[in-house]
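Take a look at the model below and keep it open while you read.

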Amino acid sequence: MTSKSNIVRIEDHKQINEPGGTFLTNVRSATGGHDLFLSMDEGRVYDANPDAFAAAHFGLTLEQYRDWVHGEGVPKCSATTKRGTLCNAAVCQSVDADKFKQLHRKGLCHAHREDIALVATRIGSADRTMNA
Ligand SMILES: [Zn+2]
């Protein structure tokens, strides 16, 4: 059991100037909040650009991170519609950051699916085994 007495919440607007201190912040994820415990140096990097720090934490680019959070983790189709805009349909259900990175604007929605290999194996994984 660790003592939380020396942990400072960054949102409390306290100075991030205590060497060896631990700073707690909560970043947005696709499924809600995500606690991060940061060193003083990490806290300063975080404070300079919270979204960029969070994106890096989840292994995403800033744009991917924002799409992941705002889209509640649902990867969007990579196809272009007849009107020339990006298809806004889902590739699959909400996924974690790693899977999102693999699928967002890379996989295809049901309507655009032409190449099964690009699509998550989890799609429709209700085990519909077909015996040919
Ligand atoms: Zn599509």
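Of the chain's 132 residues, 20% count as buried, where buried takes 20 or more other C-beta atoms within 10 Å of a residue's own, exposed takes 12 or fewer, partly exposed is in between, and C-beta atoms are placed from the backbone. Keep in mind that this is a predicted model: local features need pLDDT of at least 70, side-chain atom pairs count only at pLDDT 80 or more, and totals for chains, interfaces and linings use all residues. Numbering runs from 1 along each chain as its sequence is written.

Along the sequence you'll read β-β-β-α-α-α-α, that is, four helices and three strands. These are DSSP runs numbered from the N terminus, with H or I over at least four residues for helices and E over at least two for strands. Among contacts with a separation of 6 or more, 38% join residues 24 or more positions apart; a contact here is two C-beta atoms, placed from the backbone, within 7 Å.

Now zoom in on helix 2, residues 50-57. Its buried residues are F53, A54 and A55, and they pack against strand 2 (22-29), helix 1 (40-48) and helix 3 (62-70). Just past the end of helix 2, G59 takes a positive phi of about 75°.

How do helix 2 and helix 3 cross? Their axes come within 9 Å and cross at roughly 90°, with axes being lines fitted to C-alpha atoms over the stretch in contact and angles running from 0 to 180 degrees between N-to-C directions. The two helices are therefore roughly perpendicular, the label for 65 to 115 degrees. On the helix 2 side, D51, A52, A54 and A55 meet L62, Q64, Y65 and R66 of helix 3.

The largest nonpolar core has 18 residues, and L60, Y65, W68, F100 and L103 touch the most other members. Such a core is a set of buried Ala, Val, Leu, Ile, Met, Phe, Trp, Tyr and Cys residues joined through C-beta atoms within 7 Å. Helix 2, helix 3 and helix 4 (97-103) each supply at least two of its residues. Domain 1 (7-60) and domain 2 (73-132) both contribute, so the core lies between them; the domain bounds come from an automatic or database assignment. Leaving out residues up to four places away in sequence, L60 touches A55, Y65, W68, A97 and K101.

E72, in the loop between helix 3 and helix 4, has a positive phi of about 55° although it is not a glycine. E72 counts as exposed, with 12 C-beta neighbours inside 10 Å. R105, in the segment after helix 4, is not a glycine either, yet has a positive phi of about 60°. R105 is partly exposed, with 15 other C-beta atoms within 10 Å.

Note on methods
Parallel < 35°, antiparallel > 145°, perpendicular 65-115°, else oblique.
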